[in-house]
Amino acid sequence: MFEGKVAAGNGEQVLSRDVYRLGQLFDFFRMLSFYVTSVGFYVCTMMTVLTVYAFLYGKAYLALSGIGAQLESRAQITSNAALQSALETQFLFQIGIFTAIPMIMGFILEQGPLKAVVNFVTMQLQLASIFFTFSLGTRTHYFGRTLLHGGAKYRATGRGFVVEHIKFAEIYRLFARSHFVKGLEIVILLLIYMVYGYEDSTVGYILMSFSSWFLAISWLYAPFIFNPSGFEWQKTVEDFGDWTNWLLYKGGVGVKGEESWETWWDEEQSHMQTLRGKFLETLLSLRFLFFQYGVVYRLHAADSSTSLRVYGVSWVVLIAIVLLFKIFTFSQKTSVNFQMFLRLFQGTVFVLLLAALALLIVLTALSFGDIFASLLALIPTGWAILSIAITWKPVVKRLWLWKSIRTIARFYDAAMGMVVFFPIAILSWFPFVSTFQNRLLFNQAFSRGLEISQILSGKPADA
């Protein structure tokens with residue numbers, strides 16, 4: 001909350017006349033000093049993240065369009081290793097070496113070369129890179145959102161005990177839109193490049209994607225790594241129950257976002273007020289359509305066709321999936337006879353769906369791999385439609401579609417929460433993971449002979 005509050009405040013400064021006038025009146029060197037010590041830090045942070053997105057979308061485009069494979073084959077035919085060498089050495093720029101140089105130089109000037117190296121290695125062992133990579137996403141999200149929509153506001157950060165266990169539902173509320181959505185988007189881009197990319201070796205793919213995987217994993221799981229008792233089985237079970245209750249609890253008058261998903265979901269849309277911001281948000285949401293347009297032409301069922309008919313069929317399939325979703329989630333409280341008819345109808349549709357899928361696999365070139373690839377294509381498309389519908393909420397309400405949009409949004413949040421929660425639950429099965437986390441988080445407490453149970457309960461050591 002503190003990072004978001006400060007980042008949003010700097011976003012408002014960028015939009016203000018004061019920064020413009022200072023930039024006009026300062027000389028070059030004073031303007032550089034002002035830039036570095038104020039809004040420049042957040043501008044550079046946002047540019048860093050946008051560069052990652054541009055790089056991954058560019059790589060995915062080269063992979064899905066076939067241009068990357070053609071460049072690779074021509075380079076091999078002509079024995080031109082310059083392109084491959086350039087692509088394989090780019091990882092040096094990605095892993096953060098150059099962004100860490102100012103910090104390393106500061107350590108060297110203050111402490112000397114030997115202590116600087118020791119401190120830098122110690123920071124990596126303490127997972128400082130994961131923590132600050134996660135903070136990078138926080139600053140970028142709130143700074144960029146303020147540039148798009150304005151509306152920076154005060155956020156009560158509180159003065160709670162610093163090592164208390166935070167429930168999964170609260171972590172999800174805080175970071176779902178700022179980190180989890182973006183982290184999963186990066187994961188999908190990396191999976192698409194892994195499946196359709198032109199890297200001729202595993203080492204080449206690892207070098208290319210290492211920093212991007214590190215960024216995605218940090219955005220998805222850093223809060224749980226630094227969350228005390230985050231991998232204790234009992235607390236994990238309690239957190240899951242609390243999260244499902246929050247997800248399914250319906251909102252209403254006087255219900256807070258901490259109690260109901262519906263209220264929280266409405267609060268997450270409150271920043272979309274200006275017409276300019278809505279148009280820009282719609283334009284940014286269109287990037288998710290790229291996945292569908294690229295992947296459907298690489299399916300075996302497409303048979304290497306480049307006709308627009310293939311793209312049109314993919315939209316027909318998406319509409320059919322939405323209709324099926326509405327059929328299976330329809331639950332009108334009426335008579336018992338109607339409920340029996342509804343269940344019978346849903347069961348019949350399910351059997352017919354399985355039969356149609358089996359016939360498609362047998363009679364056409366559709367494969368099981370195509371089914372999973374279609375998920376990579378259609379899930380982002382659904383999120384794009386959902387984001388655009390949320391942006392134009394008044395129009396969607398007039399079309400009587402808002403209830404359906406909210407149902408689909410709840411399904412997306414449930415699926416995203418399960419993707420994030422599942423690895424945590426798996427790790428919680430193993431007691432040594434929780435022990436290792438406690439040692440990592442409370443190393444100084446162990447060395448001083450304090451009891452971790454007293455620290456987690458908030459009691460002083462001599463209590």
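This report describes helix packing, salt bridges and selected residues in a predicted model.

## Basis of the report

The model is predicted, so local features need pLDDT of at least 70 and side-chain atom pairs count only at pLDDT 80 or more, while totals for chains, interfaces and linings use all residues. Residues are numbered from 1 along each chain as its sequence is written, and side-chain values use heavy atoms, with hydrogens and water left out.

Helices are DSSP runs of H or I with at least four residues, strands are runs of E with at least two, and both are numbered from the N terminus.

## Helix α19 and its partners

Helix α19 (residues 368-391) packs against helix α21 (residues 402-428) at an angle of about 135 degrees, and their axes are 10 Å apart. Axes here are lines fitted to C-alpha atoms, for helices over the stretch in contact, and angles run from 0 to 180 degrees between N-to-C directions. The two helices are therefore oblique to each other; angles under 35 degrees count as roughly parallel, over 145 as roughly antiparallel, 65 to 115 as roughly perpendicular, and the rest as oblique. The crossing of α19 and α21 is left-handed, a term used if the near helix is turned anticlockwise from the far one by less than a right angle, with right-handed used if the turn is clockwise. On the α19 side, the residues that meet α21 include Leu 378, Gly 382 and Trp 383; on the α21 side they include Trp 402, Ile 405 and Tyr 412. Contact means heavy atoms within 4.5 Å. The residues of this contact comprise 10 nonpolar, one polar and no charged. In this classification, Ala, Val, Leu, Ile, Met, Phe, Trp, Tyr, Cys and Pro are nonpolar, Asp, Glu, Lys and Arg are charged, and the others, Gly among them, are polar.

Helix α19 also packs with α11: their axes come within 11 Å and cross at roughly 150 degrees. This crossing is left-handed. Arg 177, Val 181, Ile 188, Leu 191, Ile 192 and Tyr 196 of α11 meet Ala 373, Leu 376, Pro 380 and Trp 383 of α19. The contact of α11 with α19 has nine nonpolar, no polar and one charged residues.

## Salt bridges

The whole structure holds five salt bridges, each defined as a side-chain nitrogen of Lys or Arg within 4 Å of a carboxyl oxygen of Asp or Glu. One of them joins Arg 177 and Asp 413, whose closest N and O atoms are 3.1 Å apart. Arg 177 lies in helix α11 (residues 168-196) and Asp 413 in helix α21, so the pair ties together parts that are 236 residues apart in sequence. Arg 177 and Asp 413 are buried, where buried means under 20% relative accessible area, exposed over 50%, and partly exposed in between (1.4 Å probe, protein chains only).

In another salt bridge, the side chains of Glu 185 and Arg 287 meet at 2.8 Å, N to O. Glu 185 is in helix α11, whereas Arg 287 is in the loop between α15 (275-285) and α16 (289-295), 102 residues apart. Glu 185 has 4% relative accessibility and therefore counts as buried, while Arg 287, at 29%, counts as partly exposed. Glu 262 and Arg 410 also form a salt bridge, with 2.6 Å between their closest N and O atoms. This pair links helix α14 (residues 261-267), which holds Glu 262, to helix α21, which holds Arg 410, over 148 residues apart in the chain. Both Glu 262 and Arg 410 are buried.

## Helices α1 and α10

Helix α1 and helix α10 (residues 128-149) pack at an angle of about 40 degrees, with their axes 8 Å apart. Their crossing is right-handed. The contact includes Ala 7, Asn 10 and Leu 15 of α1, together with Thr 138, Phe 143 and Leu 147 of α10. By class, it has seven nonpolar, six polar and three charged residues.

Asn 10 belongs to helix α1 (residues 2-15). At 8% relative accessibility, Asn 10 counts as buried. Leaving aside residues up to four places away in sequence, Asn 10 touches Ser 38, Val 39, Tyr 42 and Phe 143.

## Two loop residues

Leu 127 has a phi near 65 degrees, a positive value in a residue other than glycine. Leu 127 is placed in the loop between α9 (113-125) and α10 and is partly exposed, with a relative accessible area of 23%.

Ser 229 likewise has a positive phi, near 60 degrees, in a residue other than glycine. The loop between α12 (202-225) and α13 (233-248) contains Ser 229, which counts as buried at 2% relative accessibility.
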